[in-house]
Amino acid sequence: MAHTPEMARFLQQLQAETQRQKFTEQVHTLTGRCWDVCIGDSRPAAKLDGKTSTCLQNCVNRMLDASQLMVDHLQKMDK
């Protein structure tokens, strides 16, 4: 079955939308986990203090590091 230009364009759009959804899901996961770690059940102040801001920044960075480590590991396994 030959791919028409319209089908190829559709498949590209589908892949781009899937990537956007995965990115959005990862942002929500990071936000939820880091919120729980750094803010917890307490109600946040109107403005983030330095300690909370640093905690959130470190949390996101560590989760991104862990995610990249897993991607690198899986890529090595594929080779």
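The protein chain holds two helices and zero strands. The model is a predicted one.

**Overall form**

The C-alpha trace spans about 60 × 35 × 20 Å along its principal axes. The radius of gyration of the protein chain is 19 Å, whereas a compact globule of 79 residues would have a value near 12 Å. Buried residues account for 8% of the 79 residues.

**Surface and charge**

The accessible surface of the protein chain comes to about 7,200 Å². Carbon and sulfur atoms contribute 57% of that surface. The protein chain carries 10 positive and 9 negative charges, and their mean positions lie 4 Å apart.

A nonpolar patch sits on the surface, formed by Met-7, Phe-10, Leu-11 and Leu-14. Together these residues have about 340 Å² of accessible area.

Helix α1 covers residues 5–38 and includes Leu-14. His-28 also has its place in helix α1.

| Residue | Relative accessible area | Class |
|---|---|---|
| Leu-14 | 44% | partly exposed |
| His-28 | 57% | exposed |

Leu-14 counts as partly exposed because its relative accessible area is 44%, a value between the cut-offs of 20% and 50%. His-28 counts as exposed because its relative accessible area of 57% is over 50%.

His-28 can also be placed against Cys-59, which is 31 residues apart from His-28 along the chain. The C-alpha atoms of His-28 and Cys-59 are separated by 14 Å.

How values were computed: Residues numbered from 1 in each chain as written. Predicted model: local features only at pLDDT ≥ 70, side-chain atom pairs only at ≥ 80, totals over all residues. Heavy atoms only, no water. Patch = residues over 30% accessible without salt bridge, like charges linked within 9 Å, V, L, I, M, F, W, Y side chains within 5 Å. Areas by Shrake-Rupley, 256 points an atom, 1.4 Å probe, with all protein chains shown as cover. Salt bridge = Lys/Arg side-chain N within 4 Å of Asp/Glu carboxyl O. Helix = DSSP H or I, 4+ residues; strand = E, 2+ residues; numbered from the N terminus. Buried < 20%, exposed > 50% of the residue type's maximum accessible area, 1.4 Å probe, protein only. Rg over C-alpha atoms; globule rule 2.2 N^0.38 Å. Lys, Arg positive; Asp, Glu negative; His and termini not counted. Charge placed at Lys NZ, Arg CZ, Asp CG, Glu CD.
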